[in-house]
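Please have the sequence and the 3D view at hand.

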Amino acid sequence: MRIVLVGPPGAGKGTQAAFLAQNLSIPHISTGDLFRANISKGTDLGKQAKSYMDAGQLVPDEVTIGMAKDRMEQPDAVNGFLLDGFPRNVSQAEALDVALKADDVKLDAVLDLEVPEDEVVKRIAGRRICRNDSAHVFHVVYKQPEAEGVCDVCGGELYQRDDDKEETVRKRLEVYHTQTEPIIDYYREQGLVVTISALGKVEEVTARAMEALGR
Ligand SMILES: [Zn+2]
């Protein structure tokens, strides 16, 4: 199956992508991983991406598309893949269509994870991260530490990242609405969109997604 996963920040997209890819035995292709892999291997595209990132600029669509295309043509992606974080705008979606057509394959579904905006803000703005290790993540409502402001794992101080502040989250949602949501309409015209609620436990959402995909 060839799937594109879309959803606002805070929808749990990365977590769902990992579980779904495993359940469907297809690689999980995320833009973050693509950038990291190309930069660490020093590929031409990686070098280009790095020069933009070092200059504090957005990586142009052509570079991202090139990396995604290379990855989709690897042997493990012959029978399908799950794209996470790409395409993130209509021009990338159009370029993806061209790339797939060149390989004579088609997308099977675009899985749209839906979460009410206030829930997104609650999820992200409630996160508290440990100063000693960013993998120690807590939440003021959903995963409270035993002692307020203190990491259960190592005793470190918990803080809220600037990225997680409500104002920043609202801005990220705005970017999602203006740039990424139009791709849902683009794919709807192709009859590919499957929308599910991303509320509830991680395993419930995965089960809902598998059912919606007919698996
Ligand atoms: Zn800690």
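Which residue with a positive phi follows α5? That residue is D104, whose phi is near 60°. Before going further, a word on the ground rules: this is a predicted model, in which local features need pLDDT of at least 70, side-chain atom pairs count only at pLDDT 80 or more, and totals for chains, interfaces and linings use all residues. Residues are numbered from 1 along each chain as its sequence is written, and side-chain values use heavy atoms, with hydrogens and water left out.

Let's stay with α5, which spans residues 90-102. Helices here are DSSP runs of H or I with at least four residues, and strands are runs of E with at least two, numbered from the N terminus. The 13 residues of α5 reach 19 Å from first C-alpha to last, close to the expected 18 Å; the expected span is 1.5 Å times one less than the number of residues.

Now look at how α5 sits in the fold. Its buried residues (under 20% relative accessible area, with exposed over 50% and partly exposed in between, using a 1.4 Å probe and protein chains only) are Q92, A93, L96, A99 and L100. Seen down the axis of α5, these fall within an arc of 120°, so they line one face of the helix; the arc is that of the directions from the helix axis to the C-beta atoms. The buried residues pack against β1 (2-6), α4 (61-72), β3 (81-84) and α7 (166-188). On the face turned away from the buried side you will find the exposed residues V98, K101 and A102.

Next, turn to helix α8 (residues 202-212), where T206 is found. T206 is buried, with a relative accessible area of 7%. Leaving aside neighbours within four places in sequence, T206 is in contact (heavy atoms within 4.5 Å) with Q16, F19, L20 and N23. With Q16, the T206 side chain makes a side-chain to side-chain polar contact at 2.7 Å.

Finally, some rings. A charge sits over a ring if NZ of Lys or CZ of Arg is within 6 Å of the ring centre and within 35 degrees of the ring normal. R131 lies over the face of Y159, at 4.2 Å from the ring centre, and K143 lies over the face of F138, at 5.0 Å.

Notes: A polar contact is a pair of N or O atoms within 3.5 Å; within protein, one must be able to donate a hydrogen and the other to accept it, and residues adjacent in sequence count only if both atoms are side-chain atoms.
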